[in-house]
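The stops below can be selected one after another.

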Amino acid sequence: MKQFIVDAFTEKIFSGNPAAVCVLEKFPEEKIMLKIAQENNLSETAFAVKAGNFYKLRWFTPANEIDFCGHATLATAFVILTQIEKDSNAVEFETLRGNFSVTKNENLFEMDFPAYEYKKISVTEQMAEAVGEKILEAYLSRDLLLVLENDAAVRNFQPNFEKLQNLEGLIQAITAKSSDKNFDCVSRIFAPKIKVNEDPVTGSTHCMIAPYWGGKLQKNFLKCYQASERGGILNCKVSGERVKISGNAVLFATSELNI
């Protein structure tokens with residue numbers, strides 16, 4: 001079984017968000033895919049199987065299978081369009097979250113995703129205690145989004161993963177308007193519930209972050225920065241119920257799994 005390691009949402013290795021990608025003739029047993037994800041110990045390992053004109057795509061964390069992952073989708077599209085179907089500039093995926101398309105435009109890969117439907121919820125004492133910073137607003141969808149006063153609070157946040165894990169949402173995200181004129185917003189994203197303490201760059205949660213800031217800033221096009229240690233840039237276009245997220249990717253390694 002051939003496996004690729006791709007750094008997504010970056011132009012250089014050792015930054016962005018790494019994902020493992022296996023493109024196969026058929027899916028292995030679920031327990032094998034989970035074992036591979038645990039052995040890789042990356043936030044996600046993606047498995048893709050061609051079915052006619054599209055690929056069936058599944059994502060596994062070290063804890064379990066999840067229904068949606070942006071950076072591993074980008075990584076899988078990168079592998080297919082640069083290593084397997086080099087003459088193609090687009091690929092379609094069938095996933096647990098629905099059907100997605102990814103289009104290659106020079107060095108950028110644009111993913112067309114459904115925007116999250118989210119609701120405003122009350123800021124609780126538990127949230128305030130977990131974050132230790134003033135929370136302006138809180139929103140909940142699959143993930144929990146907490147809006148802080150400024151980007152310094154986001155960048156300097158020292159996470160307590162046990163407290164974050166007790167909050168609502170599969171993933172917990174903090175965000176603020178960016179003071180850097182090169183970006184519209186800044187965020188950090190945590191997923192201790194699925195054994196990913198801090199995710200370096202997260203495409204899926206930006207299906208919530210981008211619509212939020214698009215509405216606040218009255219902009220359809222946003223440049224978002226995820227301020228993890230590795231860091232990453234997400235170019236987002238909000239259009240009604242869809243969010244197009246584009247980014248670069250780079251191949252770090254290719255290996256053969258003895259399975």
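Is E129 buried or exposed? E129 counts as exposed, at 52% relative accessibility. Bear in mind through the tour that this is a predicted model.

**Stop 1**

K163 is partly exposed, with a relative accessible area of 32%.

**Stop 2: D67, R97, R142 and D143**

Next select D67, R97, R142 and D143. Salt bridges with shared partners join these four residues into one network. For the whole model, the salt bridge count comes to 14.

**Stop 3: R230 and D7**

Move to R230 and D7. Here the salt bridge has its closest N and O atoms 3.3 Å apart. R230 sits in the loop between β15 (221-226) and β16 (232-239), while D7 belongs to strand β1 (residues 2-8), so the pair ties together parts that are 223 residues apart in sequence. D7 is buried, with a relative accessible area of 3%, whereas R230 counts as partly exposed at 29% relative accessibility.

**Stop 4: R242 and D112**

Select R242 and D112. Their side chains meet in a salt bridge, at 3.0 Å from N to O. This pair links distant parts of the chain, with R242 in strand β17 (residues 242-247) and D112 in strand β8 (residues 108-114), 130 residues apart. R242 counts as partly exposed, at 32% relative accessibility.

**Stop 5: H71**

Go to helix α2 (residues 70-84) and pick H71 within it. H71 is buried, with a relative accessible area of 1%. Which backbone oxygen does the side chain of H71 reach? It is the backbone oxygen of P18, at 3.3 Å. To see the surroundings, display the residues that H71 touches beyond four places away in sequence: A8, F9, N17, P18, A19, S43, E44, D199, V201 and G203.

**Stop 6: the cysteines**

Now colour the cysteine sulfurs. How many disulfides does a search of the whole structure find? The search finds zero. Start with C69, which is buried at a relative accessible area of 3%. The closest cysteine sulfur to that of C69 is in C207, 11 Å away and too far for a bond. Then select C224, also buried, with a relative accessible area of 1%. Its closest cysteine sulfur is in C185, and the distance of 3.5 Å is too far for a bond, because a disulfide requires the two sulfur atoms to be within 2.5 Å.

**Stop 7: two positive phi angles**

Finish with backbone geometry. F14 is not a glycine, yet has a positive phi of about 70°. Look for F14 in the loop between β1 and β2 (17-24); F14 counts as exposed, at 59% relative accessibility. Then select Q218, in the loop between α6 (206-217) and β15. Q218 has a positive phi of about 55° although it is not a glycine. Is Q218 buried or exposed? Q218 is exposed, with a relative accessible area of 69%.

Terms used
Residues are numbered from 1 along each chain as its sequence is written. This is a predicted model: local features need pLDDT of at least 70, side-chain atom pairs count only at pLDDT 80 or more; totals for chains, interfaces and linings use all residues. Side-chain values use heavy atoms; hydrogens and water are left out. Buried means under 20% relative accessible area, exposed over 50%, partly exposed in between (1.4 Å probe, protein chains only). Helices (H or I, at least four residues) and strands (E, at least two) are DSSP runs, numbered from the N terminus. A polar contact is a pair of N or O atoms within 3.5 Å; within protein, one must be able to donate a hydrogen and the other to accept it, and residues adjacent in sequence count only if both atoms are side-chain atoms. Contact means heavy atoms within 4.5 Å.
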